Amino acid sequence: MEYREIGKTGCRGSVIGMGCENLDGAPYEQVSDAISAALEQGVNMFDVFMPGQEIRENIAKAMGSRRKDVMIQGHVGSTDVREQYDISRDLPTVKQYFENLLRLFGYIDFGMMFFIDSQQDYKDVFETGFADYVLRLKENGDIRHIGFSSHNPVTAARVVETGLPEMMMFSVNPAFDLYPAETNVLDELHSTLDPTAFRGIDPRRTALYQLCQQRGLGITVMKTLGAGKLISPEHTPFAQPMTVTQCIHYALTRPAVASVMLGCRTGAEVRDAVRYLDATDEERDYSQVLSTLRNDFRGNCVYCSHCQPCPSGIDIAAVNKYLDIARLDQENIPPSIRSHYASLTHKGGECIECGNCEARCPFGVAIRQNMAEAARIFE
Ligand code: SF4
Ligand code: SF4
């Protein structure tokens, strides 16, 4: 397993995490099989957003004494008062559900303010006692870190700007990133993913990921496979279905992303997901999918690494990623970005300007120019 820093929390999360949603309603044996497989594979990130008592108990029981070896995202405001998944901001209700989660797991590593998508959601969290409750949970040691979940990049950026959350769970996949920020991606998911609405990677989504990287917030990912539509020949919005590995790699190559939470239903599915770690660069390469679309992102790096290998050994996508953040405000480059750049084995200044990478890049990125600029800024 590979592990990444989750922003500035000091926690290191497995790049493959487990979203336990698909275990809801499964018998205990199945839950135990999936959780045990995940633990054996070194998965240490688990998302438990489900409000149901039985699934929560089954997960806690399957983890048993191994609970201390993992980190749990628990969601504040996830309820099923109307006998279905429901968002509640009513504090007595919210407390009842979250305190139940605390009783089962002892403490929660990432207390997530649940589902802040609309401006109304924002108000309901920050202009009521809700956010204060979450803060008190942290002060009491019931939650280790404050996070939130969202599908909307504009609202999410507003939440990040409050300075309260330390991490974020966001829906990241190549299809969602191509929709304008105002699109309700969950509505799209419930019908078809309509490629005629794609407009190139939406700058507000890119800006959100960069903002998180700048501020030191780690991102965990949901909807990596677009509810399976991206890997389905029948439902893919692209010229061809993607593979699970390509979808995981796309998410993991966005700025600030630490862990991709996959909704595995069995131990076998967990082991399948973890095969990502053994995939070759060619198997991970998702550039072909994006390059078949109307090319509105010409000149902008999408961090796909299709331009590799570089004879100087430069990780071109990584250099471009840090450069893009630095360009946002060259006077105030976050120290963490400088240190990430400093830790690269080979840096932009080592570019010998052979141009091989530019011949391979499907998106017309001025790589040699970027390497020189990165050297000027960082070295
Ligand atoms: S420079 Fe081009 S090929 Fe290389 S990572 Fe960026 S978009 Fe992909
Ligand atoms: S131009 Fe520079 S970055 Fe590109 S492959 Fe050649 S040495 Fe590497």
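**Figure 1. Shell of ligand 1 in the predicted model, by residue class.** The residues around ligand 1 divide into 11 nonpolar, three polar and no charged. The shell holds 14 residues, and those that come nearest are Cys301, Cys304, Ser305, Cys307 and Cys361. Ligand 1 takes up the space of the second largest cavity. Ser305, one of the nearest residues, is found in the loop between H13 and H14. Its phi is positive, near 70°, and Ser305 is not a glycine. With a relative accessibility of 27%, Ser305 counts as partly exposed.

**Figure 2. Surroundings of ligand 2.** The residues around this ligand are Cys310, Pro311, Ser312, Ile316, Cys351, Ile352, Glu353, Cys354, Gly355, Cys357, Arg368 and Met371. By class, eight of the shell residues are nonpolar, two are polar and two are charged. The largest cavity is the space taken by ligand 2. Glu353, a member of this shell, sits in the loop between helix H15 (335–342) and helix H16 (356–360). Although Glu353 is not a glycine, its phi is positive, at about 55°. Glu353 counts as exposed because its relative accessible area is 52%, above the 50% limit.

**Figure 3. The cis peptide bond from Gln308 to Pro309.** Omega of this bond is near 5°. Pro309 belongs to the loop between helix H13 (287–291) and helix H14 (316–328). Ser305, with its positive phi, is also placed in the loop between H13 and H14.

**Figure 4. Buried residues of helix H2 and the elements that cover them.** Helix H2 spans residues 53–63. Within H2, the residues Ile55, Arg56, Asn58, Ile59, Ala60, Ala62 and Met63 are buried. An α-helix has 3.6 residues a turn, so residues three or four places apart point the same way. After H2 comes Gly64, with a positive phi near 55°.

**Figure 5. Aromatic pairs, with Tyr179 and Phe198 as the example.** The count of aromatic pairs comes to eight. In the pair of Tyr179 and Phe198, the ring centres are 5.0 Å apart and the planes stand at 75°, so the pair is edge-to-face. Tyr179 lies in the loop between helix H7 (174–178) and helix H8 (185–190), while Phe198 lies in the loop between H8 and helix H9 (203–215), so the pair ties together parts that are 19 residues apart in sequence. Tyr179 is buried, with a relative accessible area of 1%. Phe198 is buried as well, with a relative accessible area of 6%. Elsewhere, ring pairs link Phe49, Phe114 and Phe115 into a cluster.

**Figure 6. Thr79 in strand S6 and its separation from Asp177.** Thr79 counts as buried because its relative accessibility is 0%, which falls under the 20% limit. Asp177 is 98 residues away along the chain, and the C-alpha atoms of Thr79 and Asp177 are separated by 28 Å.

**Figure 7. Arg103 in helix H3 and its separation from Asp142.** Arg103 itself counts as exposed, with a relative accessibility of 64%. From Arg103 to Asp142 the distance is 10.0 Å, C-alpha to C-alpha, for residues 39 apart in sequence.

**Figure 8. Gln369 in helix H17 and its separation from Glu379.** Helix H17 covers residues 367–378 and contains Gln369. The relative accessibility of Gln369 is 58%, so this residue counts as exposed. Gln369 and Glu379 are 10 residues apart in sequence, and their C-alpha atoms are 15 Å apart in space.

Technical notes: Residues numbered from 1 in each chain as written. Chains lettered and ligands numbered in written order. Predicted model: local features only at pLDDT ≥ 70, side-chain atom pairs only at ≥ 80, totals over all residues. Heavy atoms only, no water. Near = heavy atom within 4 Å. 1 Å grid on protein atoms, 1.4 Å probe; cavity = no way out; pocket = protein on both sides within 12 Å on 5 of 7 lines; lining within 4 Å. Sits in = over half its atoms within 2 Å of the grid points. Nonpolar A, V, L, I, M, F, W, Y, C, P; charged D, E, K, R; others polar. Buried < 20%, exposed > 50% of the residue type's maximum accessible area, 1.4 Å probe, protein only. Helix = DSSP H or I, 4+ residues; strand = E, 2+ residues; numbered from the N terminus. Contact = heavy atoms within 4.5 Å. Phe/Tyr/Trp six-rings, centres within 6.5 Å; stacked < 30°, edge-to-face > 60°.
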